[in-house]
Structure formats: structure tokens, C-alpha cells
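Biologist: I'd like to go through this one with you before I set anything up. Can you put the structure on screen and take my questions as they come?

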Amino acid sequence: MTKARVIVTRRLPERVEAELGRRFDAQLSRDDQPLSAEQLQRALSDADGVLTTVTDRITAEVLAAYPLRTKIVANFGVGYDNIDVAAAKAHDIVVTNTPDVLTDCTADLAMMLILMTLRRVGEGERQLRAGQWSGWRPTHHMGHKVTGRTLGLVGLGRIGRAVATRARDGFAMRVLYHDPHGDHGDTLPGVEPRATLGALLAESDIVSLHCPSTPETRGLMNDARLRQMKPGSWLINTARGDIVDDDAMIEALRSGHLGGAGLDVFRGEPNFDRRYLDFENVTLLPHLGSATIETREAMGMRAVENLDAFFAGRRIPDRVV
Ligand code: DGY
């Protein structure tokens with residue numbers, strides 16, 4: 001039986017690439033460079049399936065390639081805002097993602113950003129590496145206590161819930177949440193819903209974003225919303241960069257209204273607003289939420305299973321459309 005032809009847009013962990021080679025007629029990425037719109041169109045015309053990542057923008061224009069051979073786009077990532085799913089559906093293309101397997105690591109990283117930002121960890125390490133540490137003293141490099149604070153979660157999906165339990169059980173935090181898509185049904189013991197985002201922002205010492213990027217959430221943290229946050233509070237973003245309005249955030253940092261921020265994601269990655277570099281109280285990471293070998297292998301295997309199920313005519317585990 002001829003194997004389905006699958007084009008893989010980026011390098012993947014070795015074990016995943018080996019599995020793709022066994023199951024499919026796989027064309028792997030050699031140079032690990034993101035594909036241009038034109039290259040993506042060529043892939044969609046040449047392969048039965050394309051394994052994409054969050055760096056591939058599968059827009060309606062890209063999907064207008066003719067003739068389209070691809071029947072499934074298996075995204076390596078839980079977020080799929082890089083794909084125009086309505087256009088994919090209109091072209092009869094199945095889209096899948098990789099939920100669950102990155103929940104723990106992304107939640108761990110959100111907690112790490114909270115700790116790094118409030119305890120001024122990046123700044124401390126920079127000081128030591130620069131040979132500027134003059135020794136222990138009672139007033140040296142004082143940060144802010146994390147344990148016992150009030151954490152406000154914007155979104156209580158898989159990752160939001162994993163952050164909630166870490167904060168509640170590991171750091172004795174009071175945890176509040178608000179779902180910007182209005183889904184307040186499934187609560188967690190000891191985690192309190194807030195009916196409005198404004199109420200959540202006004203009560204939280206730390207606000208952590210755990211919602212997908214959608215037309216409703218793009219630009220959600222704008223000037224008005226940032227003003228609703230408590231003076232001196234912190235904003236953590238491990239979700240998507242475009243949920244935050246960078247101009248408004250920079251102004252909130254400049255004025256001192258925000259005590260700091262921890263950012264793992266940016267609008268237009270890998271570019272980011274260079275003005276963030278001016279702030280020692282902002283922790284900046286290069287989109288590392290799921291970046292552990294265990295998780296990246298599991299994400300890859302999940303994408304392989306989705307492709308395999310599709311081509312074998314079985315139920316597709318992580319079908320989005
Ligand atoms: C995702 O899966 O959506 C992440 O942002 C990439 O790990």
C-alpha cells in the first residue's frame with residue numbers, strides 16, 4: 001500500500017521524525033526555517049498531509065493554492081490561531097492540534113514566570129554574571145513574596161486549571177478566575193469565579209493569561225483593562241502575545257502602575273517590542289512554555305497519531321475542524 005505523503009515544516013525531536021519516516025512518505029525539514037506563504041502553498045499542493053507548527057501561517061490566501069492536495073493539517077501545538085480554520089473547513093481540510101500533553105510544562109513555566117518576576121530572578125542573575133554582586137546584605141535585591149498572594153486567571157481551561165492547582169496547593173494562593181469566552185461551568189474546589197474581567201483584575205495581585213487568541217481576546221489587555229489592575233500588580237502571559245496591547249502595557253510599566261510582567265509570548269514572534277528591554281522588572285522568555293524534551297516528543301507523537309488516524313479512516317483524536 002502506498003504511504004501517505006506528509007510534509008513536515010520544522011525539525012522535530014528525533015524519535016518523532018523516525019516515527020514519521022516509518023509511517024508515512026515523510027518529507028522532513030532539513031534547514032528548520034519557517035516556510036514562506038509560497039512554500040506553504042507548494043506543500044499543500046504536493047502532500048496529502050502537512051504537519052505545521054505555530055510558526056506557519058495557514059491563512060485563507062495560502063489555502064487558495066490550486067490545486068490543493070492536502071486533506072489534513074496536523075498542527076504541532078495546542079493553539080491553532082496560526083490556521084484559518086473556517087477557510088480550512090471550506091476547503092474540506094481537517095485540522096488537528098496537540099492538547100493535554102503540554103499542560104504541565106506550560107503551567108510550570110507560568111509559575112516560574114511568577115516566581116522570576118516577583119523575586120527579580122533574571123535581574124539577580126544578570127547582576128552576578130556581570131560581576132556586580134558585592135555580597136549578602138539585608139537590603140540587597142529585595143523582591144516580593146509569592147506565597148499567599150491572590151492570583152487571577154484569565155481562562156480556566158486545561159492550562160489555567162493546572163496553574164490554579166499549583167498556586168493553590170503549592171503556594172497557598174487565593175485563586176480567582178474569569179473566562180473571557182463566558183465558560184464558567186467547570187470550577188475547581190477553592191478556585192473562585194468572577195463574573196466580569198474587571199472584578200478579577202481589581203482583586204488580583206497577579207494576573208495570568210490562559211485563554212486562546214481569538215477575535216474576542218485579541219487586544220483584551222488594553223489600556224482600560226490594565227488600568228483596572230491593582231496598582232503595583234503583575235501581568236503574566238504564557239498564552240499568546242496578541243492578547244496584550246503592547247503600547248498600553250509599556251505605558252503601564254512606565255507609569256509604575258504595573259509592578260512588572262512575565263512574558264513568554266509576543267505579537268509577531270520572533271520579533272517583539274524592543275521597548276520591553278528597558279524594564280528590569282519584566283521577565284522575557286522566548287516562547288518556552290512547552291519546551292521540554294518529554295513534552296515536545298509527546299506533542300510530536302500526538303500529531304503523528306492524528307495523521308495516522310486520518311489516513312487509516314479511524315476517529316481522529318484531536319480534531320479541531
Ligand atoms: C502551543 O502549543 O500552542 C504553544 O504555544 C507552542 O508550544
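Biologist: Which backbone nitrogen lies 3.4 Å from a polar atom of the side chain of His141?

Modeller: Bear in mind that this is a predicted model. The backbone nitrogen in question belongs to Gly124, and it lies 3.4 Å from a polar atom of the His141 side chain.

Biologist: What backbone oxygen does the side chain of His141 reach?

Modeller: The side chain of His141 reaches the backbone oxygen of Arg120, at 2.7 Å.

Biologist: And where is the place of His141?

Modeller: His141 sits in a loop, the one that runs between helix 6 (121-129) and strand 6 (150-154).

Biologist: Switching to the ligand, which residues surround it?

Modeller: The shell consists of Gly77, Val78, Gly79, Leu102, Arg240, His287, Ser290 and Met299, and by class these residues divide into three nonpolar, four polar and one charged.

Biologist: Which polar side-chain atoms lie 2.7 Å and 2.6 Å from an oxygen atom of the ligand?

Modeller: His287 has a polar side-chain atom 2.7 Å from a ligand oxygen, while for Ser290 a polar side-chain atom lies 2.6 Å from an oxygen atom of the ligand. Taken alone, the ligand would expose 230 Å², and the protein buries 89% of that.

Biologist: What about the backbone, then: how far is Gly79 from an oxygen atom of the ligand?

Modeller: For Gly79, a backbone N or O atom lies 2.9 Å from an oxygen atom of the ligand.

Biologist: OK, helix packing. At what angle do helix 5 and helix 7 pack?

Modeller: Helix 5 (residues 103-118) and helix 7 (residues 158-171) pack at about 55°, and their axes are 8 Å apart. Angles from 65 to 115 degrees count as roughly perpendicular and those under 35 as roughly parallel, so helix 5 and helix 7 are oblique to each other. Their crossing is right-handed.

Biologist: And how are helix 1 and helix 11 arranged?

Modeller: Helix 1 (residues 14-23) and helix 11 (residues 293-312) pack at an angle of about 15° with their axes 9 Å apart, and helix 1 and helix 11 are therefore roughly parallel to each other. The crossing of helix 1 and helix 11 is right-handed.

Biologist: Before I go, the backbone geometry: which peptide bonds are cis?

Modeller: A cis peptide bond joins Tyr66 and Pro67, with omega about -5°, and Pro67 lies in the loop between helix 3 (60-63) and strand 4 (72-76). The bond from Glu269 to Pro270 is cis too, with omega near 5°, and Pro270 belongs to the loop between strand 11 (258-263) and strand 12 (282-284).

Biologist: What is the phi of Asp32, and where is that residue found?

Modeller: Asp32 has a positive phi of about 60° although it is not a glycine, and Asp32 is found in the loop between strand 2 (25-27) and helix 2 (37-46). As background, most residues other than glycine have a negative phi, and most peptide bonds are trans.

Methods: Residues are numbered from 1 along each chain as its sequence is written. This is a predicted model: local features need pLDDT of at least 70, side-chain atom pairs count only at pLDDT 80 or more; totals for chains, interfaces and linings use all residues. Side-chain values use heavy atoms; hydrogens and water are left out. A residue is near a molecule or strand if one of its heavy atoms lies within 4 Å of it. A polar contact is a pair of N or O atoms within 3.5 Å; within protein, one must be able to donate a hydrogen and the other to accept it, and residues adjacent in sequence count only if both atoms are side-chain atoms. Accessible areas come from the Shrake-Rupley method with a 1.4 Å probe; for residues, only the protein chains shown count as cover. Ala, Val, Leu, Ile, Met, Phe, Trp, Tyr, Cys and Pro count as nonpolar, Asp, Glu, Lys and Arg as charged, and the others, Gly among them, as polar. Axes are lines fitted to C-alpha atoms, for helices over the stretch in contact, and angles run from 0 to 180 degrees between N-to-C directions. Helices (H or I, at least four residues) and strands (E, at least two) are DSSP runs, numbered from the N terminus. Angles under 35 degrees count as roughly parallel, over 145 as roughly antiparallel, 65 to 115 as roughly perpendicular and the rest as oblique. A crossing is left-handed if the near helix is turned anticlockwise from the far one by less than a right angle, and right-handed if clockwise.
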